[in-house]
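Reader: I am new to this structure, and I would like to learn how its features are read. Could you take me through them slowly?

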Amino acid sequence: MQQSRYDFDSILERHGSTSIKWHEIEEMMGPNSRDVIPLSVADMEFKPAPEIVSALVEAATHDVFGYDYAPDEYFEAVTGWMRRRHNFDVNPAWISLSDGVMPAVNTALRAVTRPGDKVIIQRPVYYPFTFAAEHNGLTILDNELVLDEAAGRYAIDFDDLEAKAADPRCTAMMLCNPHNPVGRVWSERELRCIGDICLKHGVYLLCDEIHADFAYPGHPVTMFGTLGERYHSHLFEFTAPTKTFNLAGLLCSNVIIPDPSLKRRFDVAAENIAGLTVSHFGLVACQAAYNDAEDWLNELMTVLERNLSCVRDFAARVDGVRLIEPEGTYLAWLDCRGLGFETPDALRDFMRLKARVWFDEGSLFGHSGDYFERINLACPTALLQRVLNNMESALAGRQ
C-alpha cells in the first residue's frame with residue numbers, strides 16, 4: 001500500500017477554538033456538551049495542505065499587509081485550475097473577486113433584480129439562498145426537487161421550472177451545482193434544459209459551483225460556463241478554493257462572468273457597497289492551493305470515498321435510515337423519515353441529547369428536508385465512526 005503523503009487521520013482538538021460549529025454546541029447546550037460531536041457546518045476537520053501553510057508562513061514573515069491587488073500570477077493560478085480540473089478555458093478578464101461566494105451571490109442579485117422581483121430556488125437547498133432572497137426583498141419561487149423514492153435520487157421538475165420562470169416578475173434563479181445538500185451533480189443535459197428555460201424567459205442564472213471540485217466516480221461535474229457562449233449573457237458562476245482546500249476563514253472567491261456588460265453590472269453593484277475583494281492571505285492561499293496542492297485534494301477524495309462507504313454501510317444495517325447516494329460534495333444526505341419521530345425537532349433533539357451528535361438538520365434547507373440530516377464527511381474516519389456508533393447505539397436503545 002502506498003504511504004500517504006498527508007495526514008487525514010489525526011483528530012484535531014477543536015474545543016476552545018474559534019470554529020463556529022464547535023462553539024455553537026457549547027453556546028446552545030452548555031458546558032456539559034464536550035462529548036457532542038459536530039459534523040454540521042461544511043468545513044473540514046483537517047488541517048490545510050502543508051504547501052498552503054508554507055506559502056502563508058512565508059507571506060506572514062516577509063509581506064507587508066497594506067492595500068494590494070490580485071497580480072497576473074493569481075489569475076493564472078485560477079484559470080490554470082479551471083483548465084486542468086474542469087476543461088474550462090476562462091479568460092482572466094471574466095473574473096471578479098469577492099471575499100466569499102454568498103457576498104458575491106447577494107451582489108449579483110442586487111445587480112440584476114429589484115425588490116419585489118421573484119427568484120427561483122430548488123429546495124431542499126443551501127439555506128443562505130433563502131436568506132439572500134429575503135434580504136434583497138425578493139419573493140421565492142420554489143422549484144422543489146423531486147425525490148424518486150424507489151431510486152433514492154432527486155430530479156428537477158422541469159415543467160414546474162418553466163412555469164415559474166415564465167412569471168413576468170421572475171428575474172433570477174439560484175442554482176447549486178453540485179447540489180447542497182442532496183448531492184446531485186447535474187448532467188450536461190439537465191444544465192442545458194435549465195439554461196434554455198432561463199434564456200427563453202429572460203431569467204439570470206446565478207450558479208453556485210463552490211463544490212465543483214468534489215465529484216465521485218461516474219459523476220463528472222459540468223461547469224456551466226463550458227456549455228458555450230449561448231448562455232453567457234445571463235450567467236454568473238461562483239467558485240472558490242475555500243471549500244476545496246478548507247480555507248473559508250481566509251475569505252477568497254472568484255466570480256466568472258463571461259459577458260462584459262453583465263460583469264460591469266456586477267462590478268458596479270460591488271462598488272456601491274465599497275467593493276468586494278480577496279483578503280491578502282486569501283490571495284496567497286489561492287495561488288498555493290491551485291498551483292501546488294492538487295495532490296492533497298486527490299488524496300482527500302480517497303478519504304471521502306472511504307467515509308462515504310462507512311455511512312453507506314451504516315444506513316444498510318440500521319432500520320429506518322437511508323442514504324441518498326451523493327454524486328458530489330463532501331456531504332451525505334441521510335433520510336431518517338423511517339425512524340418514526342413525531343416532529344423534526346424530536347429527531348434533532350434525539351441526535352443531540354441521546355446520540356451526542358450535531359448535524360445540520362434537514363429542515364434548515366426547507367420543509368422538504370424535514371426528517372433528513374446532512375452529515376459532513378470531511379473528517380477523520382475514526383471520528384466519523386465514533387459518530388455513527390453513537391447514533392447506532394442510541395437508536396438501538398430507543399427500541
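Author: What follows is a conversation about pockets, cavities, aromatic pairs and backbone geometry.

Author: The model is predicted, so to speak of local features a pLDDT of at least 70 is needed, side-chain atom pairs count only at pLDDT 80 or more, and totals for chains, interfaces and linings use all residues. Residues are numbered from 1 along each chain as its sequence is written, and side-chain values use heavy atoms, with hydrogens and water left out.

Reader: Which residues does the UniProt domain annotation cover?

Author: The unreviewed UniProt entry carries the annotation "domain: Aminotransferase class I/classII large" for residues 35-388; such positions are given in the numbering used here, feature names are shortened, and annotations may be inferred rather than shown by experiment. That span is 40% helix and 16% strand, and its end C-alpha atoms lie 14 Å apart. Helices (H or I, at least four residues) and strands (E, at least two) are DSSP runs, numbered from the N terminus.

Reader: Why does the largest pocket lie between domain 1 and domain 2?

Author: The largest pocket lies between them because domain 1 (20-48 + 293-397) and domain 2 (52-292) both give residues to its lining; the domain bounds come from an automatic or database domain assignment. By class, the lining of the largest pocket has 20 nonpolar, eight polar and nine charged residues, where Ala, Val, Leu, Ile, Met, Phe, Trp, Tyr, Cys and Pro count as nonpolar, Asp, Glu, Lys and Arg as charged, and the others, Gly among them, as polar.

Reader: How many cavities of 30 Å³ or more does a search of the whole structure find?

Author: The search finds two. The largest cavity, with about 60 Å³ of space, has a lining that includes Trp81, Met82, His86, Glu209 and Tyr290, and helix α3 (residues 72-86) gives the most to that lining, with three residues. The second largest cavity has about 40 Å³ of space; helix α7 (residues 188-200) gives the most to its lining, with three residues, and this lining has seven nonpolar, two polar and no charged residues.

Reader: How many aromatic pairs are there?

Author: Rings of Phe, Tyr and Trp (its six-membered ring) pair if their centres lie within 6.5 Å, and planes under 30 degrees apart count as stacked, over 60 as edge-to-face and the rest as tilted. By this rule the count is 20 aromatic pairs. The pair of Tyr6 and Phe8 is edge-to-face, because the ring centres are 6.5 Å apart and the planes stand at 65 degrees. Phe236 and Phe266 form a tilted pair, with 6.2 Å from centre to centre and 50 degrees between the planes. This pair links distant parts of the chain, since Phe236 is in strand β9 (residues 235-239) and Phe266 is in helix α9 (residues 260-271), 30 residues apart.

Reader: Which peptide bonds are cis, and which residue has a positive phi although it is not a glycine?

Author: Most residues other than glycine have a negative phi, and most peptide bonds are trans. Here the bond from Asn177 to Pro178 is cis, with omega near -5 degrees, and a cis peptide bond also joins Asn180 and Pro181, with omega about 20 degrees. Leu251, which is not a glycine, has a positive phi of about 60 degrees, and Leu251 is found in the loop between α8 and β10 (253-256).

Notes
1 Å grid on protein atoms, 1.4 Å probe; cavity = no way out; pocket = protein on both sides within 12 Å on 5 of 7 lines; lining within 4 Å. Points joined across faces, edges and corners; volume = space filled by probe spheres on them.
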